[in-house]
Amino acid sequence: MVRWWGMARALLPDDLWTEIAPLLPPPRPRPKGGRPPIDNRAALTGILFVLRSGLPWEMLPAEMGCGSGMSCWRRLRDWQAAGVWARLHQVLLERLHAAGEIDWRRA
């Protein structure tokens with residue numbers, strides 16, 4: 001568990017999570033009950049891990065505490081439909097610009 005958690009923390013540091021969290025839509029209501037959805041931060045960590053590692057979704061390690069790969073994939077799909085990634089791209093560009101980290105000569 002420690003090995004996975006260390007990697008997960010590196011994928012989504014606290015300062016980056018602080019920027020991303022307000023962009024994510026609240027969980028959908030579940031009038032019929034069922035299992036509560038996984039936490040947004042855990043889902044995003046799972047998404048980042050799969051995209052970074054190249055593992056198939058179904059092989060996301062349960063020890064990471066990110067839910068199942070299918071749960072993370074569904075969250076990725078839902079956030080795409082909600083326009084989260086476009087808003088996140090804008091926020092990150094603004095953050096990089098403010099830090100002077102964009103080399104406009106290459107644009």
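Which residues does Leu-24 touch, not counting residues up to four places away in sequence? In this predicted model, the partners of Leu-24 are Trp-17, Asn-40, Trp-79 and Val-84.

Leu-24 belongs to the largest nonpolar core, a set of 20 residues. Trp-17 and Trp-79, both touched by Leu-24, are likewise listed with Leu-24 among the residues that have the most contacts inside this core, together with Ile-20, Leu-44, Leu-60 and Cys-72. At least two core residues come from each of helix H2 (14-20), H3, H4 and helix H5 (84-98). H3 provides the largest share, 5 residues. As a general background, nonpolar side chains in soluble globular proteins tend to be buried together.

Turning to the packing of helices, H3 (residues 40-53) meets H4 (residues 69-81) at an angle of about 100°, and their axes lie 9 Å apart. H3 is therefore roughly perpendicular to H4. On the H3 side, the contact is formed by Asn-40, Ala-43, Leu-44, Gly-46 and Ile-47, while H4 contributes Cys-72, Arg-75, Leu-76 and Trp-79. Sorted by class, this contact comprises 6 nonpolar, 2 polar and 1 charged residues.

Over residues 12-89, the chain is 51% helix and 0% strand, with the end C-alpha atoms 15 Å apart.

Key:
Residues are numbered from 1 along each chain as its sequence is written. This is a predicted model: local features need pLDDT of at least 70, side-chain atom pairs count only at pLDDT 80 or more; totals for chains, interfaces and linings use all residues. Side-chain values use heavy atoms; hydrogens and water are left out. Helices (H or I, at least four residues) and strands (E, at least two) are DSSP runs, numbered from the N terminus. Axes are lines fitted to C-alpha atoms, for helices over the stretch in contact, and angles run from 0 to 180 degrees between N-to-C directions. Angles under 35 degrees count as roughly parallel, over 145 as roughly antiparallel, 65 to 115 as roughly perpendicular and the rest as oblique. Contact means heavy atoms within 4.5 Å. Ala, Val, Leu, Ile, Met, Phe, Trp, Tyr, Cys and Pro count as nonpolar, Asp, Glu, Lys and Arg as charged, and the others, Gly among them, as polar. A nonpolar core is a set of buried Ala, Val, Leu, Ile, Met, Phe, Trp, Tyr and Cys residues joined through side-chain atoms within 4.5 Å. Buried means under 20% relative accessible area, exposed over 50%, partly exposed in between (1.4 Å probe, protein chains only).
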